[in-house]
Amino acid sequence: MQNLNARSWRALLHLSGLLFALLLAPPALADEYDDLRARWLAQLTGGPGLDTSDPDIAARLLVINDTAQGYWSTLRKDAGRPALWDDLYPWVDSGDTITAHYNRLKSMALAYATPGTALYGNAALAADIVGGLDWLYANKYNLSTPVASNLTWWNAEIGSPIALDDIMVLMYGQLSATQRANWIAVIDRFVPDPSLREGNAAAVETGANLLDKVLVVALRGVLGKSSAKIAQARDEMAPAFPYVTGGDGFYADGSLVQHSRVAYVGSYGAILLSDATALFYLLNGSSWAFSDPNAANVYRWATETFQPFMYNGAQFDAVRGRALARHNSTDHTAGRGIVANFARLAKGAPADKAALLNGIAKGWMQRDTSFANYFDSVGLADIVNLKAIAADSGVVAAPEPVDTHMFAGMDRPLHRAAGFVFGLGLSSPRIQAFEYGNGENTRGWWTGLGMTYLYNADQTQYSDGYWPTVNSYRLPGTTTDGSSGTLVNFKYYPNTQTWVGGATVGANGAFGMQFDTVQVTGTALKGKKSWFTVGDRIVALGSNIATTDGRAVETIVDNRKLNAAGDNALTVNGSAKSSSVGWSESMAGVQWAHLAGNVAGSDIGYFFPGTASIDGLRESRSGYWSDINTLNYPLGNPQQTNRFLSLAFKHGTNPTAGSYAYVILPNRTAAQTAAYAAAPTVKVMENSADAHAILDTSGGVKVVGVNFWNDASKTVYDNGYRYVSSNRKAAVSFVEANGELEVGVADPTQLNTGSIQVEIFRVAGEALSVDPGVTVDQLTPTIKLTIAVNASAGKTFRARFKLAKLAYLTVAADAYVRSGSYANTNFGSTAVSEVKKEAAGYDRQTLLRFDLSSIVGTIVNAKVRLSPIYKGTASGIVHQAYLVPTDSWGETTVSWNNKPATSTLLASWTVPDLNAWTEFDATAAVQAAAGSDELVSFLIDSAANYGGEGWVQYPAREHTVTTKPTLAVTYY
């Protein structure tokens, strides 16, 4: 039966039918250990009742069979064999080679144990598998193997034992008790405690490595029927559940860090999630179920860490570390693994969480069009799970979420909008620029120095050989001198600048990174970079770009992979540029550009405030996976070729204060980009060494983003008017809409042990919500906040306010009165109102009345504004305002003799120059009047006798000038 082809094995299976299956069926389950083993067997083989008529399952069965057949046919069986396979000999690295041996035996065991393969139950195959296991135990992986040998720790403690566990589950009925005991003893030898590393007492396992070893021990406990070992595995998983504030693990903001300083949601995070779901599947519902309340955090990991970094089924390369350099692990293949894990996690989850997870998985499957067949290369159990979800009309496919978030724990901002996702790869002393290790990711230098990732309908933008062909020294978003450093295995490559982070409000964000390359590539390049996200607009600013190395520096606006012909249309200022590969041009006066996408819905527009000089390049680039990964390149390592188009600012050689500004407009047509450039909604308020600031006014909503770079008081202005200030390094974002203002403030350095004081030059009526840690110091005449940011880990503190409205009420009635012979004369119809104090008979006073009935709401501030149109030559004339308690005086009847009495002195002021404004506060009086007759009156008098030239006239309401007495009322 060893050489049956596909048609023959299907025929044989049909003829032998049920009898064949019954003969090979596992024995009846004797205890709970057998039940757990059966669970794991089902996970490996797809479980009982597998529908072999399903074409995807049949195709997978054929792959399993053919893979095993290939390994079996090349297996050495001679007594003196030095290895089980010639191509795995000599033992250059016995650790990797031993694991490779076990993995090949596992592939063979999978075919043997999976109903529906031609090799299912093949006795000869079983004998050779067991013989191979015996050979490895006798010669390579046994109780005598020294821990410090070149059997590397990962192979000894994870790679080989997990494969051996799986083989023992698959071959359980074909193994003697002695064999199982021997091999379990070897596992105990190398993994006595999942949390510790043998031979290295200082290494405490965390994250994916910990859970890998927990799974090893849990399965060993099942196979050896050891309650203590299963319990040990379950309990040793406990440190992985709680959120951390530093080092490896999950952070409350959704970040996941591994290797101490690497953003690793992908790769290690995917393994961690896979292990967690496997352990939940294996142990929950058994006597060893998880009772740790923190275990429920796994469901939060799914939606708060993994879901945000997926788009249309792809897992973002910005969080995959060195895995992006692996030919067999693209963003979509890695993403498909996450989808499968969501489906696994849903099984046995609480109903509400199961519905959520299944809906998310279904949405990703439906939208992922990057695979010719989504179920190709997926495990049998996962095919069953995913197809069940896809076919279940009760599972509602979840749409892509819209959100903006700063994952401060791993320096990853993310802006999710309708139709696209924009992400950033940043670095700091906390998170290194890239990880190189084991020959993987040899060109990762610039991936964490401001690379921008734009995911849209072009699902293969970062696949199909993107990484070995893109110019790794001109990555989109980066300000680069084209340098590279010296590769050292697992060296720490940090950006040494600490201002890295951002603040968010709703769908808007202010993100930034001060950077240098001194410990990354070893050059002197430095600068300040910001990205402000506002709906479907991303504003990028840069300043203080400098170097002293004699290198040319440029900022890459974009470097997009094109279609196979490389002829995507590029339009600049309305003119079509050459579509020929090899085109390059230095273009002056660029206001806007547009690049046609590879598929519908992937066009990108670019707007350059104030115009810019931009260099364009359309090129063909070739490379090999081995160029970026000397460990895991494809068999034969075929050359990869792609076409790219880049747009860049040239800062010259040795710039001292380079800068740039541009706006990315995803998914806009050329016409829409041109229309935006003609009427842009974004304004750059400042792009300096002190602050980067923008104002967007689209759709009647004001969005402001500011990055304050220094620990010094700084105010940002707009057209000469103060807008917002901060006294410390800070990221500030605020949105003004529908009469409300919401502000978000963060300490991007994560080093401030005190507070940040922010002032917004707007008037608020009340605070609607305030985060803990935020103190509202005042609401009027400006909003002042103090934010306690000590140990806040870069989080955004938010406060929301009801903004006050401002109404200018022109005087409703006015008149001046005069003493002496004019004591009975009314001056209510004159065009001016006079104020003077002199000899008897020459005194003048002015009465003002305002009608508040048009003000509907709560008054928070009121000021009377006056502007003189005539003033005598006397210097230092001071006027005073008194409250008039009664409002019944008549504009056409009041005189000196019948004028109303005054009460409270409200204010005194020096009369300003002609046509200049002065004002006095009348808030209390106006608030009182608003609660009664809605009328308020004042009397204006001179504070002293300034002689004949102490005469002042204010315009009356009958005057034609626009500077009549006004009551400015702030209310909400």
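Tutor: We'll go through confidence, cores, a few residues and then salt bridges.

Tutor: This is a predicted model, where local features need pLDDT of at least 70, side-chain atom pairs count only at pLDDT 80 or more, and totals for chains, interfaces and linings use all residues. Residues are numbered from 1 along each chain as its sequence is written, and side-chain values use heavy atoms, with hydrogens and water left out.

Student: What is the mean pLDDT?

Tutor: The mean is 94, and 97% of the residues reach 70 or more. pLDDT is the predictor's confidence in each residue, from 0 to 100. Residues 1-28 have pLDDT below 50. In the model that stretch has 26 contacts beyond near neighbours in sequence; contact means heavy atoms within 4.5 Å.

Student: Packing next. How many residues are in the largest nonpolar core?

Tutor: It has 187 residues, and Phe342, Trp467 and Phe608 have the most contacts inside it. A nonpolar core is a set of buried Ala, Val, Leu, Ile, Met, Phe, Trp, Tyr and Cys residues joined through side-chain atoms within 4.5 Å. Buried means under 20% relative accessible area, exposed over 50%, partly exposed in between (1.4 Å probe, protein chains only).

Student: Which helix gives the largest share of this core?

Tutor: Helix 8, residues 207-223, with 11 residues. Helices (H or I, at least four residues) and strands (E, at least two) are DSSP runs, numbered from the N terminus. Apart from this core lies another of 32 residues, including Val835 and Tyr971.

Student: And what does phenylalanine 342 touch?

Tutor: Leaving aside neighbours within four places in sequence, its contacts include Leu273, Phe306, Leu357 and Trp364.

Student: Switching to serine 646. Buried or exposed?

Tutor: Serine 646 counts as buried because its relative accessibility is 1%. Serine 646 is in strand 22, residues 640-653. Its side chain makes a polar contact with the side chain of arginine 474, at 3.0 Å. A polar contact is a pair of N or O atoms within 3.5 Å; within protein, one must be able to donate a hydrogen and the other to accept it, and residues adjacent in sequence count only if both atoms are side-chain atoms.

Student: Now charges. How many salt bridges are there?

Tutor: The count is 46. A salt bridge is a side-chain nitrogen of Lys or Arg within 4 Å of a carboxyl oxygen of Asp or Glu. Arginine 326 pairs with glutamate 440, their closest N and O atoms 2.7 Å apart. Arginine 326 sits in the loop between strand 7 (314-315) and helix 12 (331-346), and glutamate 440 in the loop between strand 10 (420-425) and strand 11 (451-455), so the pair ties together parts 114 residues apart in sequence. Arginine 326 and glutamate 440 are both buried.

Student: What about lysine 964? Where is it?

Tutor: Lysine 964 is in the loop between strand 46 (952-955) and strand 47 (966-971). Lysine 964 is buried but has no salt bridge. The nearest side chain of opposite charge is glutamate 958, 8.0 Å away. Here Lys and Arg count as positive and Asp and Glu as negative; His and the chain ends are not counted.

Student: What lies 3.4 Å from a polar atom of its side chain?

Tutor: The backbone oxygen of arginine 957. Lysine 964 also touches Trp917 and His959, among others.
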